Amino acid sequence: MVADAVIYHPTITHYLKFVSTTVGRDKLLRTLQYFARFYAWYLLRTNATKTAIQPWETMKKQFGLVRKVLRAGKNVEHFKAAALAADNKTMDPVLRYTAVGRQLGYAGYLSMDLLTLLDATGIKKSSNAKRLQQEAYRFWAAGITFSIVGQLYTLWQLKKREEKVDRKEGEGVVEGKRIAKERAASRLQLTSDLCDITVPLSALAWVNFDDGIVGLAGTVSSLLGVYSQWNKTA
């Protein structure tokens, strides 16, 4: 009876739905990858032994490789999303342009990343792998920048909408709740983007972030991604 209660518990059903999605598995792996990056840096800074650091370095590299394999071909999804956003003439022009820029940035990142897959897995080494990975980071930085601009604009628009709401009326109360929900989602995405942008900026040496900052920021954005995907699969 106890086993049945556990097996058929709604949380277990929700968990199975979550891990059945590629995004769900990727977010979990990403959390572990970036935490390992942070913790390896922490151990190094506290003069831990190489034996203590090595498992975390290995986790960081191997989970990063697994994620690279899992996202192979995902660039097509972002190219399609960019096309759909470009065709959506009813969308606010600023949000439409930032959406297109974001999706093309991610599509470019994943396309360049895909070209380094054979080298990363050791199947076929390429002298261009390092250059292609740098190009991938440039596309990623561009995509995140468009996303940040889009979220800032969204928050500004929500503030303007809220100023017009009359909370003394029933419709105004409903609109106020809708705005609060949209603002929370936008702030969550903005926080995630600000954390994520540390990765390409550091990789391109545009900003001197160490592995501690990048690892911690990546862990936070990954946990936010887990939270969002968990809610989507509810």
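Author: A nonpolar core is a set of buried Ala, Val, Leu, Ile, Met, Phe, Trp, Tyr and Cys residues joined through side-chain atoms within 4.5 Å. Buried means under 20% relative accessible area, exposed over 50%, and partly exposed in between, with a 1.4 Å probe and protein chains only. This is a predicted model, where local features need pLDDT of at least 70 and side-chain atom pairs count only at pLDDT 80 or more, while totals for chains, interfaces and linings use all residues. Residues are numbered from 1 along each chain as its sequence is written, and side-chain values use heavy atoms, leaving out hydrogens and water.

Reader: Which residues touch the most other members in the largest nonpolar core?

Author: Trp140, Ile144 and Val199 do, in a core of 18 residues. The elements giving two or more residues to this core are α6, α8 and α10, and α8 gives the most, with 7 residues. Helices here are DSSP runs (H or I, at least four residues; strands are E, at least two), numbered from the N terminus.

Reader: What is Ile144 in contact with, leaving aside neighbours within four places in sequence?

Author: Tyr106, Asp193, Asp196, Ile197 and Pro200. Contact means heavy atoms within 4.5 Å.

Reader: Pockets next. What volume does the largest pocket have?

Author: About 1,200 Å³. A pocket is an open set of points on a 1 Å grid over the protein atoms alone, with protein on both sides within 12 Å along at least five of seven lines; a cavity is a set where a 1.4 Å probe fits but cannot get out, and lining residues have an atom within 4 Å of a point. Points are joined across faces, edges and corners, and the volume is the space filled by probe spheres set on them.

Reader: Which residues lie nearest its centre?

Author: Val23, Lys27, Lys74, Tyr106 and Gln189, out of 35 lining residues. Helix α11 gives the most to that lining, 8 residues. By class, the lining has 12 nonpolar, 12 polar and 11 charged residues. Ala, Val, Leu, Ile, Met, Phe, Trp, Tyr, Cys and Pro count as nonpolar, Asp, Glu, Lys and Arg as charged, and the others, Gly among them, as polar.

Reader: And the second largest pocket, what lines it?

Author: It has 19 lining residues, with Gln33, Lys60, Gly64, Lys68 and Tyr137 nearest the centre. The volume of this second largest pocket is about 570 Å³. Helix α4 contributes the largest share of its lining, 6 residues.

Reader: Back to α11. Is Ser222 buried or exposed?

Author: Buried, at a relative accessible area of 0%. Ser222 is in α11 and touches Lys27, Arg30, Thr31 and Tyr34, not counting residues up to four places away in sequence.

Reader: How many salt bridges are there?

Author: The count is 12, where a salt bridge is a side-chain nitrogen of Lys or Arg within 4 Å of a carboxyl oxygen of Asp or Glu. In one of them, Asp26 and Arg67 meet at 2.8 Å, N to O. Asp26 lies in α3 and Arg67 in α4, so the pair ties together parts 41 residues apart in sequence. Both are buried.

Reader: What does Lys60 meet in a salt bridge?

Author: Glu57, at 3.0 Å, N to O. Lys60 is buried at 18%, whereas Glu57 is partly exposed at 22%.
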